[in-house]
Number of protein chains: 2
Amino acid sequence: MSDKNVPYKTYLTEEELPKKWLNIKGFMKDKPAPLINPATREACTKKELCEVFCEELAEQELNATDKFIDIPKPITDFYKLYRPSPLVRAYGLEKYLDTPAEIYYKFEGNNTSGSHKLNSAAAQIYYAKKQGLKAVTTETGAGQWGTALAMAGAYFGMPVKVYMVKVSYEQKPFRRNVMNVYGASVVSSPSQTTEAGRKILAEHLDTNGSLGCAISEAVEAAVTDPAHGTRYVLGSVLDQVLLHQSVIGLETQTALEKIGRKPDIIVGCAGGGSNLGGLIAPFMAEKLEGKANPRVIAVEPASCPSLTRGQYRYDFCDTGKITPLAKMYTLGCDFIPAANHAGGLRYHGMSPILSKLYDDRLIEATSYTQTAVFDAAVTFARIEGTLPAPESSHAIKGAIDAALECKAKGEKKVIVFGLTGTGYFDLKAYDEFLSGKMTDRIPTDKEIGI
Amino acid sequence: MSDKNVPYKTYLTEEELPKKWLNIKGFMKDKPAPLINPATREACTKKELCEVFCEELAEQELNATDKFIDIPKPITDFYKLYRPSPLVRAYGLEKYLDTPAEIYYKFEGNNTSGSHKLNSAAAQIYYAKKQGLKAVTTETGAGQWGTALAMAGAYFGMPVKVYMVKVSYEQKPFRRNVMNVYGASVVSSPSQTTEAGRKILAEHLDTNGSLGCAISEAVEAAVTDPAHGTRYVLGSVLDQVLLHQSVIGLETQTALEKIGRKPDIIVGCAGGGSNLGGLIAPFMAEKLEGKANPRVIAVEPASCPSLTRGQYRYDFCDTGKITPLAKMYTLGCDFIPAANHAGGLRYHGMSPILSKLYDDRLIEATSYTQTAVFDAAVTFARIEGTLPAPESSHAIKGAIDAALECKAKGEKKVIVFGLTGTGYFDLKAYDEFLSGKMTDRIPTDKEIGI
């Protein structure tokens, strides 16, 4: 390792920004199992996917051979509004932990949506516009994906309709207001605008809604558009999303090269897998090619432990069972994390690509309780300045533990983690933690179907 | 002007960051009038100021000769956590306005406090720590200054007590929560902890509080500390604050040099004046030295028009009349902006330095109604991505009008404006605007004492 002096923050120049996305599947000899149509029990065809997704995205979803895919110029132009994101040397955290390790984080929160989600939102909106579609639909829980999609929609001139889980719609009005600023239409889900919504409301008028129901409404609204000018878009899990998010890892790789470093340990939080899949993309490619062998650690909440306690099998991507079946680590599509869980990452499954890499022992996984995660978040905020999102804080906790392991062993390793976003809209959870009211709830074996 | 290709965002390297602050007073032949002690009617002495402020800050407040002042290394280290801020070319806005002008903005919102306030918070906390003080007190209205101070306090290990105006304390719990994350103690003002607070509560138990009252409580808490280990800190208006904020302008100057540009028009919002004073610092220095002659436009709200409709005279800095007298443009220290005003910049007076420059015709000023400002804010958000703070949006509106003037005249000028912060905590106001419920209220001549 060189002794080159490393700045607090490394930014790429505009010329150094990625011009191609990296397709992990193109580097995998053993490919992930295909999506399956639950009706036919056959692999989904492009034609079938095109009913729900726009064409170029369906193409990307199925593309398992190309190693790189050109990023269209309108998307790289959009990326320039908020990228490059900085690679930050966490000097303060290193000193606080008194570790010989070097700790870096790639910070994706410096945009109004507050997270990395914008990287895929831009791509999905652009392709929808290019195809001449009239609108896209999606669901949102906490609201980061919906906000990102609204921002991209405003920029490219594509109407966006967001089905927002009722409890979030009512308790997070600010999230809804941001989407409105960017011109998106936001509907509380379940709603009277879809058959799925009306059915649930007829049975449970007082329901708080759920992500599963919101997905059902968004998909229904897309596929039942009589003029067929609407498609559904999704912010995580899918292979296409990991493809778009590879800009995170590609920028990280170039930044590390500029400061003369190679990652020994890469840590990312894992809900649906979009951030971790994007962060590790070029490093996993090197690992698959035998050129490097970094440890990769996926960090998930103990309350929703799909990798660490789930089963690797075909399952629905949604609770409503209307999507294709994906082979992935899953807690079962009926699994609902404990209501007291404040830290995001509430998805029952895991990206099929990451699931395959985990099954092939190319990725490790660990889980933490939310109080341990918030403790790491507050420590980080006070030392490094930035208020992290609860989701991102899982990676902070993972990186801290990796750095302490280096300290115990006297190893001067290079640790890189993904700081996916900011915690501006999670302050109620921070307040619960600081006032000692936050509790942990780990699902029983029975609850996750073991 | 060179035809050099300008990137969307220009970042300085760590080596290019300012190592000295620029003291505008050092460049002024006609100095601003001194602060006056209302008891003695004489200019405040350093000894008097040291009762309230820490020593080095009192020294900076009175320093009218040095052109540059070294930034201590612990402060430049702190700045590296969130600086440099980018100088952004507003390509999208230029295209939307179809103007021959080039529009740039210096974006100060990429830190958790969400604004430029952190630049002075870091300095004030550092000097308090260096002096061995045990705590600092301050007041906060909307909460940006309190958040910035809490962040700096957490980093340097200095306890921070924030008197937060009761109506904000209750209506903006998230702002309070952020300060708690950074370990600050936040008190709803008026409180039972000070004589000033008790007196107001005895007379008006149901009061919403006011900035004037919160200042009184914060100053009282500082000066009555029996061990005399506490001082009061302030986030705007003062000369020392403009000094610290000069990093904004110095970075802007270096970034413009890197891309081969000189500013023709500089636009900033003006409440107490900290942002505008910092942004223009090196350019005003050149103007005072006859080396350049950019137009400088201060933009203020029509609801609180201190420069455009105020009087240039000695007045108290606070509503409670416990501070020194400053010679400044003022609407009268009893002036309270209309309650319906959502856009910040609610201060009755203006920085003495900026007041003097305005009186000397070195700065222009203009004002806008809040609905016009929010209209510009929404346009900007949709085109440029970032959700601006209402305060910053005054500058956006000013820059748009300057660019349209260039269009009318066919002039290819370089416009630079300050985007001081983000609007995450102002979404209620955005919602009011979008739903058509926002109204404008311009004070009558009688209300501002004409």
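Let me begin with helix 16 of chain A, residues 390–409, whose 20 residues should span 28 Å at 1.5 Å a residue, and whose end C-alpha atoms are 29 Å apart, which agrees. The expected span here is 1.5 Å times one less than the number of residues, and helices (H or I, at least four residues) and strands (E, at least two) are DSSP runs, numbered from the N terminus.

Before I go on, a word on the model, which is predicted, so that local features need pLDDT of at least 70 and side-chain atom pairs count only at pLDDT 80 or more, while totals for chains, interfaces and linings use all residues. Residues are numbered from 1 along each chain as its sequence is written, chains are lettered from A and ligands numbered from 1 in the order in which they are written, and side-chain values use heavy atoms, with hydrogens and water left out.

Returning to helix 16 of chain A, 14 of its 20 residues are buried, where buried means under 20% relative accessible area, exposed over 50%, and partly exposed in between, with a 1.4 Å probe and protein chains only. After this helix comes A:Gly410, which has a positive phi, near 65 degrees.

Helix 15 of chain A, residues 370–384, can be described in a similar way: its 15 residues should span 21 Å at 1.5 Å a residue, and its end C-alpha atoms are 20 Å apart, which agrees. This helix too is mostly covered, with 11 of its 15 residues buried, and among them are A:Phe374, A:Phe380 and A:Glu384. The residue that follows helix 15 of chain A is A:Gly385, where phi is again positive, near 95 degrees.

Let me turn to two single residues. A:Thr330 lies in strand 13 of chain A, residues 325–330, and it counts as buried because its relative accessibility is 1%. Its side chain is joined to that of A:Asp315 by a polar contact of 2.7 Å; a polar contact is a pair of N or O atoms within 3.5 Å, and within protein one must be able to donate a hydrogen and the other to accept it, while residues adjacent in sequence count only if both atoms are side-chain atoms. A polar atom of the A:Thr330 side chain also lies 2.9 Å from the backbone nitrogen of A:Gly332.

A:Lys20, in strand 2 of chain A, residues 20–22, is partly exposed, with a relative accessible area of 39%. Leaving aside residues up to four places away in sequence, A:Lys20 touches A:Phe68, A:Ile69, A:Asp70, A:Ile71 and A:Leu250, contact meaning heavy atoms within 4.5 Å. With A:Asp70, A:Lys20 makes a side-chain polar contact of 2.7 Å.

Finally, where the two chains meet, the contact takes 40 residues from chain B and 40 residues from chain A. The area buried between them is about 3,700 Å², of which carbon and sulfur atoms give 61%; buried area is the accessible area (1.4 Å probe) that two parts lose on being put together, summed over both. Of the area that chain B buries against chain A, B:Tyr8, B:Val181 and B:Tyr424 supply 20%, more than any other three residues. Between chain B and chain A there are 22 residue pairs in polar contact, both at pLDDT 80 or more, and 0 salt bridges, a salt bridge being a side-chain nitrogen of Lys or Arg within 4 Å of a carboxyl oxygen of Asp or Glu.
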